[in-house]
Amino acid sequence: MTRYKTLIALLTAALMFLIVKPVFAERLVTDLSHDKIAINSRFSGADLLLFGAIDRNILQEDGGHGVLSFGLDYDIIMVVSSAVKDFVVRKKEKMGMIWVNGANHVISNVPGYFIVGSTNPLSEILTPDLLKKHEIGLKYLKFKFKDNIPKKVKSDFKAGLIRNMKAKGLFMEVEKSVSIKDEILFRAKLHFPANMPVGKYNATVYLVRDGAVIARKTSSLLVDKEGIERTIYNFAHESSALYGLLAIVIAVFAGWAAGYISNKMS
Amino acid sequence: MQIYLPIAELSINLYLLLAMGVGVGFLSGMFGVGGGFLMTPLLIFVGIPPAVAVATEANQITASSVSGAAVHYRRGGIDFKMGFVLIIGGAGGSYVGAWIFTMLKASGQVDLMIALAYVLFLGLIGAMMFWESVKVIIRNYKGEAPTVKRRVRTWVDALPFKMRFRKSKQYISVILPLLIGALVGVLAAIMGVGGGFIMVPAMIYLLNMPTNVVIGTSLLQITFVTAIVTFLHSVNTQTVDIMLALILLVGAVIGAQVGARVGLKLRGEQLRILLAIMVLGVCAVMAYGLVTEPEELYSIARASADGGH
């Protein structure tokens, strides 16, 4: 009988825990210093601040009078990514004397920009299974190959793609880039290089405690070309024949004007 | 100061671009060459995508040759009939060149083709110029008079479809100028050069045109052919960056003024040997890039922008 009693007590405790659990929920409040990045002719990359607060709406043991400060070592992970696209990855091979592009494969589901920041190394915060589930980290990105090729080739091409994107500053994993103040406020500086793709970005903040994601919040960011940059780009791609003619007219006029000016000078 | 180029889609230092324009303009003013064969590799070295470098340089050459052509027109130094035939050939050639360019861009081999074309042509032209100027210098040293060869009848005279070119004082088959124009058109489309370095010797040695109409007529052809190339690349691959072309032009205009004055103080064969060394230098750098194992074997490109056409 005592065995049953213990079991019942345990079950009740577990049930109680499940029931009260929502009361323990923290709320995340996040914001970006800008919700839009405009690429204009002076654009050379952008720095943004991702910041927020952990709203601790926690049931406290003494009914809310004291402050429970132990056991609350929060970790923050932030993931900023842009829309996924298809990329062609090519491998250079030696052909006779020279190096030429040989095999190539199309990889889809690749974000044009992907950065992970965290308060501590990712492996210390979450288990690989959870990281994989939430697609946190470059190695957990779910790339898709169009061609059916051996696993080894796939992983080589995937690694090549990641190295290329890292070299362009478009893929980044920065440990300890998020700082938390007094277990309430957190902030992280985000760098966007000048070659960043345009479009909608998502910035997701994960609040982690004891190896579990306890809250998350996503805010969006819009990156677009603006002013003359936008005009020229759109014009070139939408009415390319007219753009070509205009390029010729501008060149002829500029060339003629330049010749006229240098004639006057000499 | 950084400037963002809308078509190349990258941010680059404005003063670097201006300096490149001035530098290449200086050299082209000094040597009396177009400078496309120097500017295009230079643009590639600083990180502009090769396809954008070639297409934009064609656009810039239109601008830099139009005022030269106008000057020669006022002096009566243009054979319009010959120019017209060369432009027709050039239009055909640039159409073929732009088509090859578009095909290779889709299959990811355009960078290789640009590099190979540069190594081949710069190597050939550089070696020929070097050899020519060494011969002249040796001859001057020995005090021999240059030998003037009488034009001999060759296979050129046997070709059909003869046409009279009054200004050039020629009665020749249109096939040869059409072919020369076409070759220059192909080169303009795939290398981003005006092609003066092929056109001028071809006009003198193959078409036997009098020197007073050679430069003007070749500038006329270059203006039109690079304009056609600009149009074709704009339509096919959207790789012409107007902003980049204008920045380079501003630099080039300033540089060419200074260069032309310096060039007057140097002797012809000295100039030519300097130019030959420079051409061979660019060729060597490009060849080195082809034969050394790249640090990163893998390269990436956006699938839609690359193979969608």
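In strand 6 of chain A, A:Asn104 is the bridge partner of A:Arg90, while in strand 5 of chain B the bridge partner of A:Arg90 is B:Ser299. The model is a predicted one, in which local features need pLDDT of at least 70 and side-chain atom pairs count only at pLDDT 80 or more, whereas totals for chains, interfaces and linings use all residues. Residues are numbered from 1 along each chain as its sequence is written, and chains are lettered from A and ligands numbered from 1 in the order in which they are written.

| Strand | Partner strand | Sense | Bridges |
|---|---|---|---|
| Strand 5 of chain A (residues 84–95) | Strand 6 of chain A (residues 98–111) | antiparallel | ten bridges |
| Strand 5 of chain A | Strand 5 of chain B | antiparallel | five bridges |

These strands belong to an open sheet of four strands with antiparallel pairing, in the order 8(A)-6(A)-5(A)-5(B). Strand 8 (144–145) of chain A and strand 5 (298–302) of chain B stand at the edges with a single partner strand each, so one side of each is left without a neighbour in the sheet.

Between the chains, 47 residues of chain B are in contact with 52 residues of chain A, contact meaning that the C-beta atoms of two residues, placed from the backbone, lie within 7 Å. The elements that give two or more residues to this side of chain B include strand 1 (2–5), helix 8 (211–236) and strand 5 of chain B.

Within chain B, the axes of helix 6 (residues 175–191) and helix 7 (residues 196–206) come within 10 Å and cross at roughly 165 degrees, where axes are lines fitted to C-alpha atoms, for helices over the stretch in contact, and angles run from 0 to 180 degrees between N-to-C directions. Helix 6 and helix 7 of chain B are therefore roughly antiparallel to each other, a term for angles over 145 degrees.

B:Val279 lies in helix 10 (residues 268–291) of chain B and is buried, with 25 other C-beta atoms within 10 Å, the cut-off for buried being 20 or more such atoms within 10 Å, with C-beta atoms placed from the backbone. B:Val279 and B:Gly126 are 153 residues apart in sequence, yet 5.3 Å apart in space, C-alpha to C-alpha.

Key. Buried ≥ 20, exposed ≤ 12 C-beta atoms within 10 Å, placed from the backbone. Parallel < 35°, antiparallel > 145°, perpendicular 65-115°, else oblique. Pairing = 2+ DSSP bridges.
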